[in-house]
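Hi,

Here is the structure I said I would pass on to you. Have a look at it first, and then read on for what turned up.

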Amino acid sequence: MDIFGILTMVGGLALFLFGMNVMGDGLTQLSGGRLEQILEKLTSKRIMAVLLGAVVTAVIQSSSATTVMVVGFVNSGIMKLNQAVGIIMGANIGTTVTAWLLSLTGIEGSNFLLQMCKPKNFSPILALIGIVLYMSKKSDNKKNVGTILLGFATLMFGMEQMSGAVAPLADNPAFTSILTMFSNPILGILAGALLTAVIQSSSASVGILQALCSTGAIRYNIAIPIIMGQNIGTCVTAIISSIGANINARRTAMIHLFFNIIGSVIFMVVFYGSNLIFHYAFLDTIASPASIALIHSIFNIACVLVMLPISDWLVKLATLIVPDKQVEQKEEDRVTVLDQRFLDQPGFAVKLCKDAVAQMAHLSRKAFLLAIDNLKDPSDEKRKKVYQLEEKVDLYEDELNTYLVKLSSQNLSNDDSKELSFLLHCVNDFERISDHSINVVDSSDEIIKNKIKMSEKALVDLDIFASSIKDILDLTIEIFDEMNPDRAKEIQPLEEIVDKLSDEMKKRHIMRLRSGECSLEAGLVLEDLIISYERVGDHCSNVSKHMMAMDDLVLDASWFKDEYNKIKDTYVLP
């Protein structure tokens with residue numbers, strides 16, 4: 001092979017890997033995080049986990065991506081270790097789909113339909129359809145489908161380029177002698193593992209092996225150990241991903257490694273042991289792309305059938321290799337379920353951020369309602385709890401803002417981009433609500449410290465005002481949990497009542513000051529409380545407005561007036 005042949009082969013490999021990456025990204029975007037949510041929820045039964053792992057991997061075309069995703073699930077506490085085992089096993093089956101697609105390059109025959117099944121003939125059609133859809137600005141889904149088709153066409157074109165570039169090597173004695181070395185099972189496994197570890201994709205390394213079949217020098221005695229090694233090499237991605245993760249996440253990566261190593265060892269012992277007795281003649285025959293795909297599938301399915309019944313032993317082995325440490329972070333100390341590994345699945349990452357913001361919202365509500373309760377019935381325990389909740393909300397804010405900024409640089413759909421912007425606004429509003437809980441606690445401390453006594457009228461007004469704040473907080477959290485922009489408008493009439501109550505209380509406060517019913521010190525504290533309560537209503541209103549803006553909804557003035565009139569008598573100062 002001359003320098004131009006080498007360049008063609010390298011270029012074909014680059015296009016192949018790029019096409020696989022583009023296709024995987026398009027499939028991930030099209031799924032919009034739904035596949036990850038299915039994995040998260042439907043893994044209680046081991047056999048179901050295997051099927052889900054196979055399906056998800058077949059769709060996103062990467063067992064490495066699936067396994068890294070699972071490591072992230074376990075690290076963030078979304079999934080338990082024993083649930084992850086089945087998905088890892090299924091991922092090994094799902095990754096064989098790519099090899100079957102690539103085996104289409106080996107189709108032979110003069111029939112028109114057979115010829116159209118060859119990638120070099122149908123890939124240009126897919127590329128044409130793909131570019132038309134990709135350039136369409138009207139629909140994210142169309143653009144994602146176009147990306148998938150373009151990625152697949154590029155992948156197949158790269159495969160053809162590689163096959164064509166290595167074909168002349170069939171008559172090269174040096175090349176065939178090198179390949180003969182890999183007929184040694186140990187060397188073959190090491191070669192397959194090293195190649196896959198370098199490119200971090202077993203699907204891609206199997207594709208390279210299929211491309212080499214065009215030389216006629218790949219025999220079954222060479223292909224089989226290389227395929228086993230490729231399954232081991234793909235574990236590198238998960239192992240790298242588990243660095244810095246918690247103990248169970250590291251155990252998940254080790255289970256992936258043990259599964260493939262033990263499966264390969266069992267296969268080697270059984271296959272090559274029986275070969276000593278039966279002397280399989282096919283080992284010296286030439287392998288085809290389709291036979292490579294078949295071997296890849298049989299090996300992985302057989303491994304799952306053998307290892308699934310003893311999967312609990314894999315968990316125990318991983319626990320033995322990665323033992324518990326004396327000092328380990330407690331589950332309740334975890335701030336969020338966010339994990340850097342999910343940034344490559346932006347649709348699912350946005351969903352996780354929404355869940356984390358919801359947790360933050362509930363903490364803010366709890367802190368503020370506890371601060372109101374402490375105002376009426378103060379205690380050191382309540383005061384301490386409010387400060388603890390506020391500190392945790394601050395931790396949520398720091399982590400969510402950092403994560404959302406990182407996520408914003410990913411390839412987001414229009415809907416995900418809108419939701420991300422909405423969540424950024426909500427993080428600020430919910431954090432400010434928790435800040436006002438501290439203000440209310442400080443006001444309570446000032447009342448106790450200076451022995452301030454408020455008038456009965458002021459206390460009654462404050463109770464009614466607090467009731468409206470509790471209601472608007474509850475409604476805001478409920479609507480946020482539902483993520484229902486249509487209901488978000490319900491917050492606005494209640495916020496209008498909060499504003500009017502604030503104005504009325506300020507007027508009454510001034511009148512009491514003038515009449516001497518209220519002291520100046522009590523008036524200052526009351527003023528601070530009114531401001532804190534009103535600001536909470538403002539932040540609830542902000543959440544409502546941002547949610548409606550996400551769906552381009554406009555508040556109907558007539559509806560607003562009718563709704564306000566319905567509820568205004570519920571909150572009347574005596």
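Let's start with a residue at the surface: Lys451 is exposed, since its relative accessible area is 76% and the cut-off is over 50%. Before going further, bear in mind that this is a predicted model. Lys451 sits in the loop between H20 and helix H21 (456–482).

You'll find Asp552 in the loop between helix H24 (520–550) and helix H25 (557–567), and with 60% relative accessibility it counts as exposed.

Now the overall picture. The chain has 25 helices and zero strands. How far does the C-alpha trace span along its principal axes? About 110 × 55 × 40 Å. The radius of gyration of the chain is 32 Å, whereas a compact globule of 574 residues would come out near 25 Å. Even so, 52% of the 574 residues are buried. Among the contacts with a separation of 6 or more, 82% are between residues 24 or more positions apart.

One helix I went through in detail is H19 (residues 380–408). Its 29 residues should span 42 Å at 1.5 Å a residue, and the end C-alpha atoms are 42 Å apart, so the two agree.

Last, the largest pocket. Its volume is about 660 Å³, and 26 residues line it, with Asn21, Asp25, Ser62, Ala65 and Asp344 nearest its centre. Helix H1 (3–31), helix H4 (63–75) and helix H14 (235–242) are the elements that each give two or more residues to this lining. Which of them gives the most? That is H1, with seven residues. By type, the lining of the largest pocket has nine nonpolar, 14 polar and three charged residues.

Cheers

Conventions. Residues numbered from 1 in each chain as written. Predicted model: local features only at pLDDT ≥ 70, side-chain atom pairs only at ≥ 80, totals over all residues. Heavy atoms only, no water. 1 Å grid on protein atoms, 1.4 Å probe; cavity = no way out; pocket = protein on both sides within 12 Å on 5 of 7 lines; lining within 4 Å. Points joined across faces, edges and corners; volume = space filled by probe spheres on them. Helix = DSSP H or I, 4+ residues; strand = E, 2+ residues; numbered from the N terminus. Nonpolar A, V, L, I, M, F, W, Y, C, P; charged D, E, K, R; others polar. Expected span 1.5 Å × (residues − 1). Rg over C-alpha atoms; globule rule 2.2 N^0.38 Å. Buried < 20%, exposed > 50% of the residue type's maximum accessible area, 1.4 Å probe, protein only. Contact = heavy atoms within 4.5 Å.
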